[in-house]
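This note sets out numbered points on the structure shown below. Each point may be checked directly against the sequence and the coordinates.

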Amino acid sequence: MRSPFRLAVVAVAIALASPCLAAGPNGGQTTIADGHPVEFVATETGITFFVTGEDGKPVETAGLSAKAFVQVGGKTETLTLKPGAPNKLMADLKAPLAAGAKVVLSAKMHGHNIQARFEKQ
């Protein structure tokens, strides 16, 4: 007979082992940054971060200061992110991101700083 406690421990261990590989509600990679779930979605023309509060509700991004640092092939580009309703931070890309590109979100949110790191799959 399997113990519910043992199953819960295994489920938590799997979830914590690779948080950036979990698919978010918008199909992107997710991670936790200072208690905030953050989802990263890259398209051919832009990048979008979806920020959620610890309670699972969207965080209002209007008025937030945020940047994304994109590193590809030894070069780093800094993108200023624009807020979008209800919980988006977005920027346009000059070219589609290559697989393996590293992307770091840096934002000042409601009195504290968060950083979230992702790698384009």
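1. Secondary structure. Helices (H or I, at least four residues) and strands (E, at least two) are taken as DSSP runs and are numbered from the N terminus. On this basis the protein chain has one helix and nine strands, and the elements follow one another from the N terminus as α-β-β-β-β-β-β-β-β-β.

2. Basis of the model. This is a predicted model, in which local features need pLDDT of at least 70 and side-chain atom pairs count only at pLDDT 80 or more, whereas totals for chains, interfaces and linings use all residues. Residues are numbered from 1 along each chain as its sequence is written, and side-chain values use heavy atoms, with hydrogens and water left out.

3. Chain totals. Of the 121 residues in the protein chain, 35% are buried (buried means under 20% relative accessible area, exposed over 50%, and partly exposed in between, with a 1.4 Å probe and protein chains only). The accessible surface comes to about 7500 Å², and carbon and sulfur atoms account for 58% of it; areas come from the Shrake-Rupley method with a 1.4 Å probe, and for residues only the protein chains shown count as cover. Among contacts (heavy atoms within 4.5 Å) between residues at least 6 apart in sequence, 45% join residues at least 24 apart.

4. Two strands are said to pair if DSSP finds at least two bridges between them. An open sheet of five strands has the order E1-E2-E3-E7-E6, with antiparallel pairing. Strand E1 (29–33) and strand E6 (82–84) are the edge strands, each pairing on one side only. On average, neighbouring strands of this sheet are turned by 25° against each other, direction ignored; the axes are lines fitted to C-alpha atoms, for helices over the stretch in contact, and angles run from 0 to 180 degrees between N-to-C directions. E1 and strand E2 (residues 36–42) pair in the antiparallel sense over five bridges, and Gln29 stands opposite Phe40 in E2.

5. Pairings of strand E8. Strand E8 (residues 102–109) runs antiparallel to E4, to which seven bridges join it; Ala68 has Leu105 in E8 as its bridge partner. Eight bridges join E8 to strand E9 (residues 112–119), again antiparallel, with Lys102 opposite Glu119 in E9. E8 and E9 form a hairpin with two residues between them, and His110 in the turn has a positive phi of about 45°.

6. Thr52. Is Thr52 buried or exposed? Thr52 counts as buried because its relative accessible area is 18%. The residue is placed in the loop between strand E3 (46–51) and E4. Beyond its neighbours within four places in sequence, Thr52 is in contact with His36, Pro37, Lys57, Pro58, Val59 and Asn87.

7. Val72. This residue lies in strand E4 (residues 65–72) and counts as partly exposed, since its relative accessibility is 36%. Neighbours within four places in sequence aside, Val72 is in contact with Ala98 and Ala101. Val72 and Ala99 are 27 residues apart in sequence and 9.0 Å apart in space, C-alpha to C-alpha.

8. The largest pocket. Residues lining the largest pocket include Val70, Val72, Lys75, Leu93 and Ala98. E4 and strand E5 (75–80) are the elements that give two or more residues to this lining, and E5 provides the largest share, three residues.

How values were computed. On a 1 Å grid over the protein atoms alone, a cavity is a set of points where a 1.4 Å probe fits but cannot get out, and a pocket is an open set with protein on both sides within 12 Å along at least five of seven lines; lining residues have an atom within 4 Å of a point.
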